[in-house]
There are 2 protein chains.
Amino acid sequence: MTTPRTYTIRQLTKEFGVTARTLRFYEDEGLIAPERRGQTRIYSTRDRARIILILRGRRVGFSLAEIREILELYRHDDGAAQLVHTRKKFVERIDTLERQKIDIDESLKQLHQGIAEIDARLSSQRAQAAE
Amino acid sequence: MTTPRTYTIRQLTKEFGVTARTLRFYEDEGLIAPERRGQTRIYSTRDRARIILILRGRRVGFSLAEIREILELYRHDDGAAQLVHTRKKFVERIDTLERQKIDIDESLKQLHQGIAEIDARLSSQRAQAAE
DNA sequence: ATCGCTCTTGACGTTGACGTAAAGAGCGTC
DNA sequence: GACGCTCTTTACGTCAACGTCAAGAGCGAT
């Protein structure tokens, strides 16, 4: 194994483009729980994976509360009733994400149309300037 | 034409599931500009179309400031320099949306995997219960 | 040992997107 | 003509997600 099994807070901020404040805030909110060497935080690959999940969740519009809920659902120590509940939650997330894809496609369509219009106007302006 | 050409604030709140406060707030922010009959707001189909754009923008993660920027870009009264600038902004939006789609697909993949795991555990639990 | 660096913990500040409460105008109806 | 309803403006409140100090601990290099 050549991959480092731990990371400092500074390494992760640089890797993901977030501030240390952000990572500490996520910890306060119970989203990650790095170990400590003295007072210094030591992030494991598992912490890092959770951070990736958190940031991706954020980019697709989930609140930290929703992300926390999802992360908690990954604890694989539950009975059948809890599993069924978790499954339901997952299906809900899938539905909202699918709907979001539709919204995004609609937005993309309009933006592409806008660009086409702009290009048409620009080329007509150039045509006039060439007269 | 059978489509009503105007709407009250109440009609639109019900149609889109937002509060009147929200629509007035968007007006304060310069995103929409309904006419008035006396003091009462009268929304046109154009206002309604803008509201659809605003809400969709919000769902895909744009801030109101960004949405306002996009809406303002639809004023077709600009010179070539402004058009080029607008075009650039549109391309930027497209890039972020494309990236978002990738994030969504990643999230969907993980959620589907999670569901598969849950189903596996559930069926193994049922198999044990049947012994 | 002290400089400089990164790390830490509070605690208050900020921004965006509204919520909410107060006070009033118009208007159909009983 | 008073009641109830929806509409309005004004203004302060709130919540999430951090930012921004302030004050200090550890620690390798000079």
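This is a predicted model: local features need pLDDT of at least 70, side-chain atom pairs count only at pLDDT 80 or more; totals for chains, interfaces and linings use all residues.
At what angle do the axes of helix α3 and helix α4 of chain B cross?

Chain A first. It has 5 helices and 3 strands. Follow the sequence and the order is β-α-α-β-β-α-α-α. Now the overall dimensions. Along its principal axes, the C-alpha trace of chain A spans about 75 × 40 × 30 Å. Burial next. Of those 131 residues in chain A, 18% count as buried. And the contacts? Take the ones in chain A with a separation of 6 or more: 46% of them join residues 24 or more positions apart.

One residue to look at is A:Arg46. You'll find A:Arg46 in helix α3 of chain A. Is A:Arg46 buried or exposed? A:Arg46 counts as exposed, because it has 12 C-beta neighbours inside 10 Å, and 12 or fewer is the cut-off for that class. Compare its position with A:Leu111. In sequence, A:Arg46 and A:Leu111 are 65 residues apart. In space, their C-alpha atoms are 39 Å apart.

On to the interface. Here 26 residues of chain A are in contact with 26 residues of chain B. Which helices of chain A each supply at least two residues to the side that touches chain B? They are α3, residues 45-59, and α5, residues 80-129. The most comes from α5(A), with 22 residues. By class, the side of chain A that touches chain B divides into 12 nonpolar, 6 polar and 8 charged residues.

Back to my opening question, and to chain B. As a reminder, two packed helices are described by the angle between their axes and the distance between the axes. Helix α3 of chain B covers residues 45-59, and helix α4 of chain B covers residues 64-72. Their axes cross at roughly 140° and come within 10 Å. So α3(B) is oblique to α4(B). The crossing of these two helices, α3(B) and α4(B), is right-handed.

Which residues meet there? From α3(B), we have B:Arg50, B:Leu53, B:Ile54 and B:Gly57. Facing them from α4(B) are B:Ile67, B:Ile70 and B:Leu71. Sort the contact of α3(B) with α4(B) by class and you get 5 nonpolar, 1 polar and 1 charged residues.

That's my tour. Questions, please.

Key:
Residues are numbered from 1 along each chain as its sequence is written. Chains are lettered from A and ligands numbered from 1 in the order in which they are written. Two residues are in contact if their C-beta atoms, placed from the backbone, lie within 7 Å. Helices (H or I, at least four residues) and strands (E, at least two) are DSSP runs, numbered from the N terminus. Ala, Val, Leu, Ile, Met, Phe, Trp, Tyr, Cys and Pro count as nonpolar, Asp, Glu, Lys and Arg as charged, and the others, Gly among them, as polar. A residue is buried if 20 or more other C-beta atoms lie within 10 Å of its own, exposed if 12 or fewer, and partly exposed in between; C-beta atoms are placed from the backbone. Axes are lines fitted to C-alpha atoms, for helices over the stretch in contact, and angles run from 0 to 180 degrees between N-to-C directions. Angles under 35 degrees count as roughly parallel, over 145 as roughly antiparallel, 65 to 115 as roughly perpendicular and the rest as oblique. A crossing is left-handed if the near helix is turned anticlockwise from the far one by less than a right angle, and right-handed if clockwise.
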